[in-house]
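I opened my notebook to look up how the parts of this chain pack together. My entries follow.

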Amino acid sequence: MNNDRIVGIDLGTSTSEIAILKDGKPYVIPNHLGDYITPSVIGVSDDGSIIFGKEARAQLLLKPEDTVIEVKRLMGSGEKVSMAGVEYTPEKISSFILKYLVDCASEHLGEKIERAVITVPAYFSDTQRRATVEAGKLAGLKVERIINEPTAASLDYGIEHMKDCKNILVYDFGGGTLDVTVL
């Protein structure tokens, strides 16, 4: 067990991912379906249990009142969302996504995950960043850092390629944002 391990989480508008550093390189951890990308969708199934990702997205058209998408857009707004007749804060819904990703990583790695770095859009306000930290806490995580998405994309790609090129344009074409960084 490695209690010092810190995961990186891209809590995206449309999809989310969780990764670790493995041999000095980012390694994306698959979810319980074996997929490396998880739709940022939460729902309540017919039996009342919380479902995630593809399973939740599959019920969206037939059960929109039991499914929440794109909750990231509401982070820090104070607005509530309804799912299966119950109101939730965006932070609580985001915590469900974070907890799901962490549970997948814990199972995959065979260790408990308690610490994370979470990405946010560069334009996120301080209130939205605090809301993201709160979502992490609700998921049982110690959020070590909040990193801007374009910074994370640049770190992932750019550092390894700086010796090959003097100038690098890194773009992060997300579901809710398009960020461009020049290194």
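This is a predicted model: local features need pLDDT of at least 70, side-chain atom pairs count only at pLDDT 80 or more; totals for chains, interfaces and linings use all residues.

**Entry 1: two helices**

I looked up helix α2 (residues 90–109) and helix α3 (residues 126–138): they pack at an angle of about 55 degrees, with their axes 8 Å apart. That angle makes α2 oblique to α3. I noted the cut-offs: under 35 degrees is roughly parallel, over 145 roughly antiparallel, 65 to 115 roughly perpendicular, and the rest oblique. Axes are lines fitted to C-alpha atoms, for helices over the stretch in contact, and angles run from 0 to 180 degrees between N-to-C directions. Helices (H or I, at least four residues) and strands (E, at least two) are DSSP runs, numbered from the N terminus.

Residues are numbered from 1 along each chain as its sequence is written, and side-chain values use heavy atoms, with hydrogens and water left out.

Which residues make the contact of α2 and α3? From α2 I listed Glu-91, Lys-92, Ser-94, Ser-95 and Leu-98; from α3, Ala-131, Glu-134, Ala-135, Gly-136 and Leu-138. Contact means heavy atoms within 4.5 Å.

**Entry 2: the core**

Next I checked the largest nonpolar core, which has 34 residues. Such a core is a set of buried Ala, Val, Leu, Ile, Met, Phe, Trp, Tyr and Cys residues joined through side-chain atoms within 4.5 Å. Buried means under 20% relative accessible area, exposed over 50%, and partly exposed in between (1.4 Å probe, protein chains only). Ile-9, Ile-18, Met-83 and Ile-93 have the most contacts inside this core. Which element gives the most to the core? Helix α2 does, with nine residues. I then followed Ile-93. Not counting residues up to four places away in sequence, Ile-93 touches Ile-42, Val-68, Val-71, Val-81, Met-83 and Tyr-88.

**Entry 3: Asn-148 and Pro-121**

I found Asn-148 in strand β11 (residues 142–148). Pro-121 lies in the loop between β10 and α3. Their C-alpha atoms are separated by 5.5 Å, though the two are 27 residues apart along the chain. Is Pro-121 buried or exposed? Pro-121 counts as buried, because its relative accessibility is 1%. Asn-148, at 23%, counts as partly exposed. Leaving aside neighbours within four places in sequence, Pro-121 is in contact with Lys-72, Arg-129, Asn-148, Glu-149 and Thr-177. The C-alpha atoms of Pro-121 and Thr-177 are separated by 7.3 Å.
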